[in-house]
Amino acid sequence: MEILIKNGFVFDPINHINGERMDIAIRNGKIVDSVDESSAKVINASGMIVMPGGVDIHAHIAGSEVNAGRLLRPEDHAKDVEPKTPITRSGVGYSIPSTFTTGYRYSRMGYTTVMNPSMPPLEAKHTHEELSDTPIIDKATFPLLGDWWFALEYLSRGQIEECAKHIAWMITSTKGYAIKIVNPGGLESWGFGKNVESLDTEVPYFNITPREIIRGLCKVNKMLNLPHTIHVHTNNLGKPGNFATCLETMKCVEDLAVDEKPVIHITHCQFCAFKGEDWRTMSSGAEEIAKYVNNRSHVTLDMGQVIFTDTTTMTADGPFQYTLYELSGNKWVNHDVETETSSGIVPFHYRRKSYVHAVQWTIGLELALLIKDTWKIYMTTDHPNGGPFTSYPRIIAWLMSSQARKETLKKVNPRARSKSLLPTIDRELDFYEIAIMTRVGQAKALGLKEKGHLGVGADADVAIYKINPELTDPSKDYKLVRKAFERAAYTIKSGEIVVKDGEVVKHVEGATIWLKIKTSSPIEVSEDIKRRFREYWTVEYENYPVSEKYLAISNPKEVEASI
Amino acid sequence: MEIVKAVTCPVCGSLCDDIEVVMENGKIVDVRNACAAGAAKFLNYNCEHRILKPLIRKNGEFVEVSLDEAIRKAAEILANASYPILYGWSSTSCEAVRVGLELAEEIGGVIDNTSTVCHGPSILSIQDVGIPSCTLGQIRHRADLVVYWGSNPWSAHPRHIERYTAFSEGRFQKSTWRRYLAKIRALIAKKKLERAFKRIFFKREISVPPHLRYEPPPFLERKERKLIVIDVRRTKSAEIADYFIKVEPGKDYELLQALRMLIRDQEIETDKVAGVPVEYLEEVADVMVNCDFGILFFGVGLTMSGAKMRNIDAAICLTRDLNMRTKFVIMPMRGHFNVTGANVVSTWQTGYPFAVDFSLGYPRYNPGETSVVDILLRGESDASLIIASDPASSFPKKAVEHLAKTPLIVIDPHMNVTAQIADVVIPSAFVGIEAEGTAYRMDHVPLPLKKIVEPPEGILPDEEIVRRILVEVRRLKGIGGS
């Protein structure tokens, strides 16, 4: 099928196109130079914005913890339902939508690629089954490897190459995409109900520190030539004073960077940018973090913006979720996974009038606005931890309009307001920068070469928004901007029109992107793993890997490791 | 002779995946590593109760028909029904459940699985208070205190203790099977002595042997792996336990709350709770607080007796309280091999684990209203599809009567009680033996089910049958597509 998108204002930062009026041609799911106008389906995009399809670097949309969250919260679903239509399956929202609804809602906002950032390797099949039931969008998933016994043992003995081979085996056999590290060392300690306090606290029984885990896996990442950096959820997340841990984490891999390339991604940075001694004195550490990031090039971040709403928090950080349960007294799910990781879930309501929640809200926006280079920080809510992904258009409005920020600031806790830097920040992002923060930068950080741009040969994932950058001043008309980004005029996925005027018009399956890592000696590794398999896990070696039949559409990327 | 290794056993929620099946000429001749229940299924699945042809009831008698005709008839029943129920799903693959949900959505019916009469109350409690849990390997490696409450794993999940808990060996914990053997030997010796005594002193009553008194043994205080069983009767599991607490039937809730009080250092101003002396409970509470990693497994004995879901509320709250002092987790002992999977798939597609009503076009969940037993008791449904389950032998009589009164489709390998009162019977292959798929262990670990042998000619897996019915329903309703 051929499509011609005519006369749109194109924002394609990778190809340095900033709002030029031009045509985009699509054939067989790819962007091409030109198509025959008489036979192609022509979309008149005049007066509209054309961008690459949205890319989300961090959203919990599938897998055992997400599903445990769904099970935990019938009250969350009953208020937000999606009836079946002749085209789409039914489902429910709100903060943890069912799989079909997740795919539809993302595509209705013009998003076409989403990263599911935490997969317990033992339960990888579950994650992939759910991803296969998540329509339209392409997805990838990151196995949790920061507390895996094999990794800890090899790293503590300094056998970095051995560790790399095992990680390669793990990513390939669980169909993962990147190395996810959550509270390194802390999750293993949580096995006995403990945590680690700093980067240099020794992990009980394993003779290793979080610093060594992060550095080790960062080196492994480089040895394996993985497209994305290590994806790190820092220690001490969600604790006052943790901005120091966050800075320490970024610093600890500074020397491993080559050619100004990023080597670490700090995810949902808002949650690890708290200053202060306790919850009373807690304040924003965004300035310090922004200052550090502005002077370095080895780190990328995502926001983890908080939205004032009722949501469901879920992370692999078991001890953090326990603290949150103690703080809130809400219902609490914990799920530890043998030899690998843990996880926890607590429903949570962010309130405007709460001092801490309001400070959290300001931190996210401060980070996004104080970090000068939009290629370094990406827009996320750490869905659903800061709020559901459906609130992205609201964040876009806040980023593009200081007036929008002021409107919300007026309503938040006065003490938080008076302490915030936000009123002093005039910066307003333009559509070009928004394109970078919501898709292009994320695709680049993930090493997805065929996504995040509209050059010839790119995947034909395109979002068209009904807003005219020449006639609209986002600073004043932020409500229009928000509306436009809530309901894409068109979403094109792999060359097919899937959304029109904010409604799904076609149900297609999305692909699962995973890495096939080639190392020099794969057989040796599996022998070692096989030998210890029955000791470590309660399943058989043959039953552990995820076969390709679990993927609705499999999109393997071959990676040549340098070991 | 050929040996198929790493086969997952499609019997109970333990889902042992280390089964070795010995094949000769395409037939199963032996099974290794399996428990009695598992071996029986692998060796005898092809029994005389197997249905080999689709059946339709005509003039009150079953008539053999072609598969196409049976599927057409089933689709007609479902497409013409205004409030059909689709029930079962716990002994089949996740893949079949996925199609089942699509079918339920298409016909605007209610889809429910066997948790509704089993661990449904556990799910309701989880929705109330959450659940601190873990995978079974975590218990093998770390748990130094294992409690089974209202469940009898030795008989119902025979390899559970050996593979995952007291008798398994982990990184931080040793197996206790030696201690168990020593205990058994001592018991046998004691019995012999007693018999000898009886012979010498004729029929004079002797004192109750110590293992039948309810005093906690002194070694409960020692730092080593311990097994406690709490039940209304002395089960086989209780025999192997280090300590057995006999709770009065229906009094579990009191006992749980008493333990919660003791753990919070509150005084209990009575001598006995649920028939157990408080001083003994105090010792148990001490053991719970002082362990490094404790686990409470609970079975249907807790979910389906007395206070039902309030029991589980109390049990989960007890676990939560214990987490203030140490690490403690809790896990339901799921029965059918894929009842967890049925919950999991239903949850990711609809947001709800069981009792999902599609009659308004979107998923709705209100157990008590949308659960099949209640629908049947109110006589609201006008057709039913039962798959991989036998509700006629477990539902209340009145519910079964309504099931029989309305058109009934059964998909099952066996001529079970429900099939005998059905209008359409479609035989299916045994998933995990004759068909592949995925199942979820009780701790939510997904495992592949293998196809080892070919099903009898013309017999399809559940997934395929349901898909064919779905296609036929769509054809009848004039909807194109797959």
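Between domain 1 and domain 2 of chain B, the rule finds zero salt bridges. A salt bridge here is a side-chain nitrogen of Lys or Arg within 4 Å of a carboxyl oxygen of Asp or Glu. This is a predicted model: local features need pLDDT of at least 70, side-chain atom pairs count only at pLDDT 80 or more, and totals for chains, interfaces and linings use all residues. Residues are numbered from 1 along each chain as its sequence is written, chains are lettered from A and ligands numbered from 1 in the order in which they are written, and side-chain values use heavy atoms, with hydrogens and water left out.

Stay with the two domains of chain B. Domain 1 covers 48-118 + 337-476, and domain 2 covers 120-332. These bounds come from an automatic or database domain assignment. The C-alpha centres of the two domains of chain B lie 37 Å apart. What joins them? In chain B, 13 residues of domain 1 are in contact with 17 residues of domain 2, where contact means heavy atoms within 4.5 Å. Four residue pairs, both at pLDDT 80 or more, are in polar contact between these domains of chain B. A polar contact is a pair of N or O atoms within 3.5 Å; within protein, one must be able to donate a hydrogen and the other to accept it, and residues adjacent in sequence count only if both atoms are side-chain atoms. The domain 1 side of this boundary in chain B has eight nonpolar, three polar and two charged residues. Ala, Val, Leu, Ile, Met, Phe, Trp, Tyr, Cys and Pro count as nonpolar, Asp, Glu, Lys and Arg as charged, and the others, Gly among them, as polar.

Next comes area. The size of an interface is often given as the accessible area lost when the parts come together. Buried area is the accessible area (1.4 Å probe) that two parts lose on being put together, summed over both. For the two domains of chain B it is about 1,000 Å², of which carbon and sulfur atoms give 65%. In domain 1 of chain B, B:C118, B:M442 and B:D443 lose the most area to domain 2, together 50% of what that side buries.

Now turn to the two chains. Here 63 residues of chain B are in contact with 58 residues of chain A. The chains bury about 5,100 Å² between them, 52% of it on carbon and sulfur atoms. How many salt bridges cross the interface of chain B and chain A? The rule finds nine. B:E106 forms a salt bridge with A:K84, with the closest N and O atoms 3.7 Å apart. Between chain B and chain A, 37 residue pairs, both at pLDDT 80 or more, are in polar contact. Several elements of chain B give two or more residues to this side, including α3 (94-107), α4 (120-129) and β8 (130-134). The largest share, seven residues, comes from α3(B). Helices (H or I, at least four residues) and strands (E, at least two) are DSSP runs, numbered from the N terminus. The side of chain B that touches chain A divides into 27 nonpolar, 17 polar and 19 charged residues.

Strands also link the chains. Strand β18 (residues 332-336) of chain A and β8(B) run parallel, joined by five bridges. A:V333 stands opposite B:I131 in that pairing. Two strands pair if DSSP finds at least two bridges between them.

Chain A has an open sheet of its own. Five strands form it in the order β11-β12-β13-β16-β20, with parallel pairing. The edge strands of chain A are β11 (180-182) and β20 (377-378), each pairing on one side only. Inside the sheet, β12 (residues 230-233) and β13 (residues 264-266) of chain A pair over three bridges. There, A:I230 has A:I264 as its bridge partner.

Strands β2 (residues 19-24) and β3 (residues 27-32) of chain B pair in the antiparallel sense over five bridges. B:E24 stands opposite B:K27. Two residues lie between the strands, and B:N25 takes a positive phi near 50°.

Finally, look at some details. The structure holds 75 salt bridges over all chains. One of them joins A:K493 and A:D138 (2.8 Å, N to O). A:K493 lies in strand β22 of chain A and A:D138 in strand β10 of chain A, so the pair ties together parts that are 355 residues apart in sequence. A cis peptide bond joins A:G93 and A:Y94, with omega about -10°.
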